[in-house]
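Good morning, and thank you for making time for this presentation.

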Amino acid sequence: MKKLGKFFKEHRVFTILMAVVLVCVILIATVLFRLFYDSKKGKYGDRLEGIEKVQLSEKKLDDIETKIIAEKNVLVAECHVQGKIVYIHITFDTPESLVEAQGTAQKSLEFFSEEERNFYDFHFTLKKSSTENSEGFLIEGARNKNGLSLNWNNNRPVTTPIETEGK
């Protein structure tokens, strides 16, 4: 004990500074642990607040898939929800044009209630394989919960090669 007291008297400033640093490290570690690992809200935080009021059941999603498949020239339809986004993948038969496919996607929004359309974002992937008679397409579209219509990506093929500088 006398050795410890002697060390403290000889290195008083160093000991006090090390105590302050140790306390700071403990505080920082506690804050980081609470911030990253002690969250009781899950990976989405409070972004999913109110989802229990507008929850989409698997049965409803299966019914919507069935209704979409009943549409003209639809081969496969898949719906799933992740967070607040409803993903709908539709594969079409060959006679379907891109405009008709986009119309089918727009019509499939009617299968959801007004409350669901105002709560969820929708993401569509429309696909048709190319054949000898028709050109296929793969296009994505999205509708924000605050939006009124679907916005589609640019589906035009690249017709000219991209030139790099320095050649």
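Let me begin with a question: which residue in strand 4 does Lys128 stand opposite? Lys128 stands opposite Phe137.

Some conventions are needed before we continue. This is a predicted model, in which local features need pLDDT of at least 70 and side-chain atom pairs count only at pLDDT 80 or more, while totals for chains, interfaces and linings use all residues. Residues are numbered from 1 along each chain as its sequence is written, and side-chain values use heavy atoms, with hydrogens and water left out. Helices (H or I, at least four residues) and strands (E, at least two) are DSSP runs, numbered from the N terminus.

Five strands form an open sheet with mixed pairing, in the order 1-2-3-4-5; two strands pair if DSSP finds at least two bridges between them. Strand 1 and strand 5 are at the edges, each with a single partner strand, so one side of each has no neighbour in the sheet. Strand 1 pairs with strand 2 in the antiparallel sense over eight bridges, and His80 stands opposite Tyr87 in strand 2. Strand 2 and strand 3 run parallel, joined by seven bridges; here Thr91 has Lys127 of strand 3 as its bridge partner. Strand 3 and strand 4 are antiparallel, again over seven bridges.

Next, the helix that crosses this sheet. Helix 4 lies across strand 1, strand 2, strand 3, strand 4 and strand 5, and runs at about 150° to strand 3. Such angles run from 0 to 180 degrees between N-to-C directions, with axes as lines fitted to C-alpha atoms, for helices over the stretch in contact. In helix 4, which spans residues 98-108, Ala101, Thr104, Ala105 and Ser108 are buried. Buried means under 20% relative accessible area, exposed over 50%, and partly exposed in between, with a 1.4 Å probe and protein chains only. Seen down the axis of helix 4, the buried residues fall within an arc of 100°, so they line one face of the helix; the arc is that of the directions from the helix axis to the C-beta atoms.

What of the interior? The largest nonpolar core has 25 residues, of which Ile68, Ile88, Tyr120, Phe122 and Leu126 touch the most other members. Strand 2 gives the most to this core, with four residues. By a nonpolar core I mean a set of buried Ala, Val, Leu, Ile, Met, Phe, Trp, Tyr and Cys residues joined through side-chain atoms within 4.5 Å.

Finally, the aromatic rings. How many aromatic pairs does a search of the whole structure find? The search finds three. Rings of Phe, Tyr and Trp (its six-membered ring) pair if their centres lie within 6.5 Å; planes under 30 degrees apart count as stacked, over 60 as edge-to-face and the rest as tilted. Phe92 and Phe137 form a tilted pair, 6.3 Å centre to centre with 50° between the planes. Phe92 lies in strand 2 and Phe137 in strand 4, so the pair ties together parts that are 45 residues apart in sequence. Both Phe92 and Phe137 are buried. Phe119 and Tyr120 form an edge-to-face pair, at 5.2 Å centre to centre and 80° between the planes, and both of these residues, Phe119 and Tyr120, are buried. Thank you for your attention.

Terms used: Contact means heavy atoms within 4.5 Å.
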